[in-house]
Amino acid sequence: MYVTELWTQIAQWLERHAPVTAAALRPPAREPDFTELEAEFSVELPGDLRELWLRCGGTDGELADVLPPFYTPYGAEQALSAWRDHRKTWTAQWERPACDYYAGSPGSSFHPSWIPIAGDGFADELVVDLRPGPLRGCVLEWEQEHAQVLRPEWQGIAAMLADVHRSLVEGAPAGHSYPTVTEDGRLDWQIR
């Protein structure tokens, strides 16, 4: 329930303070089929990711930088599409990615157990790391240009949403970004 509450509070803040960003967000078109998703991803999805996808359907292709520093959240269908694109791009290394075994560790090719949850509209993404280990479920930043992830940005989706909510309400940084609202009503994250 924690993810639902956080997402709801973030959406309400956006409606009041950044209405253009709020208007870009969509609820899921239909309830995600988690059995089907887990079969294709070949991983069990954590509860907080399921909870997010029950509330957030992403956008209709518009950029809505809800997650710092410039990421638009994906719904389940957008996440699956992005993951499939990575599978095509990284076909040669899909079975043996250039990544350490445990969640939260660095990698220099896309790992099949990374589930995209947000994108910047180009090629960088936030991914949930579902490799085994104590950091399973952490959120990483995939940098396409360098083909790498370095370290966890957040311990999980709930931690990420809590950080974003706190940042919006307090005007404090989330990671290395500060929230601002543009004159036309869009949330924008300024990197410090």
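**Exercise 1.** Where does Ala147 lie?

*Solution.* The structure is a predicted model, in which local features need pLDDT of at least 70, side-chain atom pairs count only at pLDDT 80 or more, and totals for chains, interfaces and linings use all residues. Residues are numbered from 1 along each chain as its sequence is written, and side-chain values use heavy atoms, with hydrogens and water left out.

Step 1. Helices (H or I, at least four residues) and strands (E, at least two) are DSSP runs, numbered from the N terminus. Ala147 belongs to the loop between β4 and β5.

Step 2. Although Ala147 is not a glycine, its phi is positive, about 50 degrees.

Step 3. Buried means under 20% relative accessible area, exposed over 50%, and partly exposed in between (1.4 Å probe, protein chains only). Ala147 has a relative accessible area of 15% and is therefore buried.

**Exercise 2.** Determine whether Ser42 is buried or exposed.

*Solution.* Step 1. Ser42 is found in the loop between α3 (34–41) and α4.

Step 1. Its phi is positive, about 60 degrees, although Ser42 is not a glycine.

Step 2. Ser42 counts as exposed because its relative accessibility is 64%.

**Exercise 3.** Describe the surroundings of Ser105.

*Solution.* Step 1. Ser105 lies in the loop between α5 (76–89) and β2 (114–119), and its relative accessibility of 13% means that it counts as buried.

Step 1. Contact means heavy atoms within 4.5 Å. Not counting residues up to four places away in sequence, Ser105 touches Asp100, Asp129, Arg131, Val149 and Leu150.

Step 2. The side chain of Ser105 also reaches the backbone oxygen of Tyr102 at 2.4 Å.

**Exercise 4.** Check the span of helix α6 (residues 157–170).

*Solution.* Step 1. The expected span of a helix is 1.5 Å times one less than its number of residues.

Step 1. Because α6 has 14 residues, it should span 20 Å, which agrees with the 20 Å between its end C-alpha atoms.

Step 2. Gly171, whose phi is positive, near 70 degrees, follows α6.

Conventions
A polar contact is a pair of N or O atoms within 3.5 Å; within protein, one must be able to donate a hydrogen and the other to accept it, and residues adjacent in sequence count only if both atoms are side-chain atoms.
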